[in-house]
Protein chains: 2
Amino acid sequence: MLRQTYFSGPLRDPSSRPVFDSPPVFPRGFRCASRNVGLKPSARDLAVFASDVEAAAAAVFTRNHFPGAPIVLGRETMREGRLKGIVVNSKCSNVATGTRGVDHARRMAVAAAAELETTANRILVSSTGVIGVPLPIEKIEAGLVGIAGELQANPLIGAEGIMTTDTYAKALSLRVGDATITLVAKGSGMIEPNMATMLAYIFTDAALDARALDQILRATIESSFNMLSVDGDTSTSDTCAIMANGLAGPVDRGAFIEALNAGCVRMTEMLARDGEGAEHLLRATVCDAANDSEARMVAKALVNSPLVKTMVHGADPNVGRILMAVGKCFECHVEPARTQAWINGHQVVRDGARVDFEDDLVRRTLRQETVDIEVSLGVGNARATAYGCDLTAGYIEENAAYYSS
Amino acid sequence: MLRQTYFSGPLRDPSSRPVFDSPPVFPRGFRCASRNVGLKPSARDLAVFASDVEAAAAAVFTRNHFPGAPIVLGRETMREGRLKGIVVNSKCSNVATGTRGVDHARRMAVAAAAELETTANRILVSSTGVIGVPLPIEKIEAGLVGIAGELQANPLIGAEGIMTTDTYAKALSLRVGDATITLVAKGSGMIEPNMATMLAYIFTDAALDARALDQILRATIESSFNMLSVDGDTSTSDTCAIMANGLAGPVDRGAFIEALNAGCVRMTEMLARDGEGAEHLLRATVCDAANDSEARMVAKALVNSPLVKTMVHGADPNVGRILMAVGKCFECHVEPARTQAWINGHQVVRDGARVDFEDDLVRRTLRQETVDIEVSLGVGNARATAYGCDLTAGYIEENAAYYSS
């Protein structure tokens with residue numbers, strides 16, 4: 001009953017995949033620092049990422065109609081496609097704060113620019129945390145003074161400064177030719193990205209111009225960060241930016257894209273697995289769909305379904321819920337009699353009906369940290385994978401008092 | 001800061017609304033019975049609803065691509081627009097059970113028809129419960145024998161037989177002229193109806209033909225059951241049927257529609273409030289939207305957002321989440337500077353920015369059993385209300401082991 005199948009994620013078949021550095025390192029010429037500046041009681045709440053030399057850059061931002069002030073400013077900043085650094089605070093997202101919020105974001109860029117010896121239009125600003133609360137800009141301005149003296153080569157230091165409800169700091173790096181690609185990100189809740197996701201910063205010493213970076217970034221996130229969903233909610237602060245300082249010279253474009261994609265998918269899995277309260281990485285792969293858009297839609301429906309998510313959480317072989325979630329994609333081409341489904345390679349649905357499987361077998365496989373649900377729609381050749389997590393009481397606890405805590 | 005506003009729900013302004021019978025009663029000529037036939041350990045798991053005389057009838061069913069066997073059969077049965085009775089079992093939904101499932105549904109209709117002295121094509125069959133498990137048809141056939149002798153006038157007896165995770169049996173009735181309208185329903189999880197919802201049966205002694213019933217039913221559920229969402233998941237068994245036996249003669253059509261609508265909205269609120277694990281009824285009204293479809297979409301986004309739902313659960317005045325949920329409706333016409341929001345009449349967002357309100361005031365109002373979120377988009381005249389509930393650890397508990405328990 002076990003199916004030979006190819007899954008897109010690196011966790012399943014590490015041998016054929018790029019090797020990630022352990023611990024992660026920065027490309028040539030990148031450093032970071034982070035501090036506690038009093039936004040949180042004691043944890044680091046401010047981070048700066050800097051390139052020794054100005055870098056080509058591109059970014060994608062949230063599609064939410066209520067973008068945070070840093071997004072409004074960031075769209076302006078990115079028009080020139082050049083960055084020297086990125087400054088990020090956690091705890092307060094500077095969203096729904098009116099024109100004063102945009103002034104605060106500008107002041108944050110000015111303060112970081114002074115430290116990094118550049119101009120404010122070469123600094124990308126991000127803020128993450130509670131929505132609708134004024135940014136304590138004075139604390140941030142005061143806290144930035146002297147931070148340039150603390151810049152260091154460990155990306156995890158910066159990753160720590162941007163965390164909100166993440167349970168650990170997230171960074172990874174991998175090689176492509178003579179160059180390095182490093183990702184630093186934070187995620188956790190309010191993650192159903194569209195055009196961008198959470199905060200993710202990508203640094204490379206490969207030489208690529210801003211236009212190429214923009215194209216490559218947009219293509220890559222389509223099958224990685226944009227296929228990540230923790231709760232179907234879309235943050236008002238989502239940002240994914242890439243900086244390429246060129247210190248390693250040109251690289252093979254195809255190899256770069258492949259490595260970047262592997263890095264983004266791996267980071268997507270890390271973010272999904274560390275979703276608020278999550279205990280499992282839930283990967284849903286839909287194949288044989290009528291077209292890409294429908295494959296993506298059905299895969300997203302699976303990782304977003306509260307009933308599928310709680311099934312995974314409880315290791316409860318209530319596999320009919322897989323059909324329910326596929327079937328609620330009203331606009332998609334679905335033919336019950338051609339629909340097959342597998343959980344971690346064990347077939348649980350054949351021709352639209354539940355297979356008479358051993359409950360205990362499926363129960364055991366659902367207890368694995370990574371749960372792969374694969375659905376074949378049997379109506380075409382398109383394929384997509386979505387990344388999510390189980391739904392637990394921990395998610396409720398974290399979110400029922402996020403503002404107050 | 002308190003806003004004078006009109007909410008569509010009868011809970012808010014009972015004086016201007018139809019009066020519901022307490023306890024609920026049946027219209028002339030309708031009766032029901034329920035029994036334990038061994039599908040559940042001891043609770044009632046089988047119900048029959050019958051009209052003394054054949055009735056005009058209409059029904060709407062789930063749009064899920066994997067409809068249960070009873071839906072496949074029901075679509076065929078309803079073509080003639082005539083019903084004598086309805087038979088429903090709980091515990092097993094007879095979904096994803098292949099052609100054998102449809103045979104079982106037919107046998108259930110035949111067995112009920114024998115009891116009600118009619119033919120199988122005058123019986124609507126419903127099943128609700130776990131997906132993908134064969135229907136224990138022998139138990140149901142044996143259990144139906146003699147049930148006609150137990151038919152009685154209390155709709156709550158039938159309501160009890162169709163419950164799954166509902167915490168109480170749901171029935172209501174109200175008068176229109178000389179006629180009565182009675183609703184019996186079950187809900188709880190997997191409720192984000194489209195074209196139909198959960199199991200809801202409507203009985204009336206008003207004289208209306210099948211075609212009129214079909215029109216009226218479809219129009220009414222658009223603003224009631226189809227605006228209900230517990231978890232965004234769409235059941236494979238959703239059914240809403242209406243039977244009109246005519247024993248009270250003709251009624252004013254406008255008055256009938258108004259009464260039916262009031263009954264359906266009230267039942268929608270009862271189902272939302274009794275969503276799995278729910279502690280609050282969450283009503284989201286969107287006004288001044290560009291058009292009806294966008295008003296509905298934004299209202300649904302609010303009641304479906306896990307972050308809004310957990311905010312209500314925790315009585316946490318994290319009102320930026322309201323903007324997040326509105327803002328993720330990418331396709332809708334939203335202008336931040338024109339967006340206003342209120343919680344139970346207290347303004348919390350003005351012109352797209354958070355109002356500097358007293359936390360404790362909003363915290364107190366969020367503790368009320370019914371939480372009304374109203375959003376004015378300021379871009380048009382359309383209005384819609386969606387009905388949902390908070391998201392609690394109770395939902396997780398119920399759904400992490402539904403199959404196994």
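Author: Axes are lines fitted to C-alpha atoms, for helices over the stretch in contact, and angles run from 0 to 180 degrees between N-to-C directions. Helices (H or I, at least four residues) and strands (E, at least two) are DSSP runs, numbered from the N terminus. Helix H9 (residues 320-327) of chain A lies across strands S10, S11, S12 and S13 of chain A, at about 55° to S13(A). The model is predicted: local features need pLDDT of at least 70, side-chain atom pairs count only at 80 or more, and totals for chains, interfaces and linings use all residues. Residues are numbered from 1 along each chain as its sequence is written, while chains are lettered from A and ligands numbered from 1 in the order written.

Reader: Why are H2(A) and H3(A) called roughly parallel to each other?

Author: Their axes cross at roughly 5° and come within 9 Å. Angles under 35 degrees count as roughly parallel, and H2(A) and H3(A) are therefore given that name.

Reader: What makes S12 and S14 of chain A edge strands?

Author: Two strands pair if DSSP finds at least two bridges between them. The open sheet has the order S12-S11-S10-S13-S9-S14 in chain A, and S12 and S14 each pair on one side only. S14(A) pairs with S9(A) in the antiparallel sense over seven bridges, with Leu282(A) opposite Gly388(A).

Methods: Two residues are in contact if their C-beta atoms, placed from the backbone, lie within 7 Å. Angles under 35 degrees count as roughly parallel, over 145 as roughly antiparallel, 65 to 115 as roughly perpendicular and the rest as oblique.
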